[in-house]
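Q: Please take a close look at a single part of the structure shown here.

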Amino acid sequence: MKYTTKILELLARTRNPFEIQRLSDANLSDIRAVMKENASDLPGWGRPSLQRHIISRRKATAPNWPLEDAQTIIDHKRQHDQGRVIMCQGRDQDYILQYAIPTKRPLSVQTYFYGG
């Protein structure tokens with residue numbers, strides 16, 4: 001893969017595939033492939049069918065989401081209020097996963113996070 005070395009360097013710094021994509025210009029499938037090469041990287045990432053929708057991950061004992069994911073979460077909260085994604089959380093082992101699942105067509109506008 002073209003970006004393997006860069007992805008491995010970034011994996012040591014952050015475990016968020018979206019942050020790695022932003023910093024390396026690699027596509028998510030390449031990032032996931034590098035992550036899957038080491039089986040120890042897979043625990044705590046939820047079901048494989050939902051991994052592409054993860055926008056943040058934190059230890060269950062951590063009080064807040066990682067700071068490096070803050071802007072991503074804010075952006076997806078806005079999209080949620082616009083009806084473009086559905087946000088939900090899940091748990092896998094010791095991790096809480098924040099998902100943003102795109103809708104097939106926009107839902108009605110909701111004012112859950114930003115009130116309009």
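In the hairpin of E2 and E3, which residue between the strands takes a positive phi?

A: The residue is glutamine 93, whose phi is near 55 degrees, in a hairpin that has two residues between its strands. The model is a predicted one, in which local features need pLDDT of at least 70, side-chain atom pairs count only at pLDDT 80 or more, and totals for chains, interfaces and linings use all residues. Residues are numbered from 1 along each chain as its sequence is written, and side-chain values use heavy atoms, with hydrogens and water left out.

Helices (H or I, at least four residues) and strands (E, at least two) are DSSP runs, numbered from the N terminus. Two strands pair if DSSP finds at least two bridges between them. Strand E2 (residues 85-92) runs antiparallel to E3, and eight bridges join them; here isoleucine 86 is opposite isoleucine 101 of E3. Strand E1 (residues 54-59) is also antiparallel to E3, through five bridges, with arginine 57 opposite leucine 97 of E3.

Strand E3 (residues 95-102) has six of its eight residues buried, so the rest of the structure largely encloses it. Buried means under 20% relative accessible area, exposed over 50%, and partly exposed in between (1.4 Å probe, protein chains only).

Glutamine 93 itself belongs to the loop between E2 and E3, and its positive phi occurs in a residue other than glycine. Most residues other than glycine have a negative phi. Aspartate 25 also has a positive phi, near 65 degrees. Aspartate 25 is found in the loop between helix H2 (17-24) and helix H3 (28-37), and it counts as exposed because its relative accessibility is 62%.
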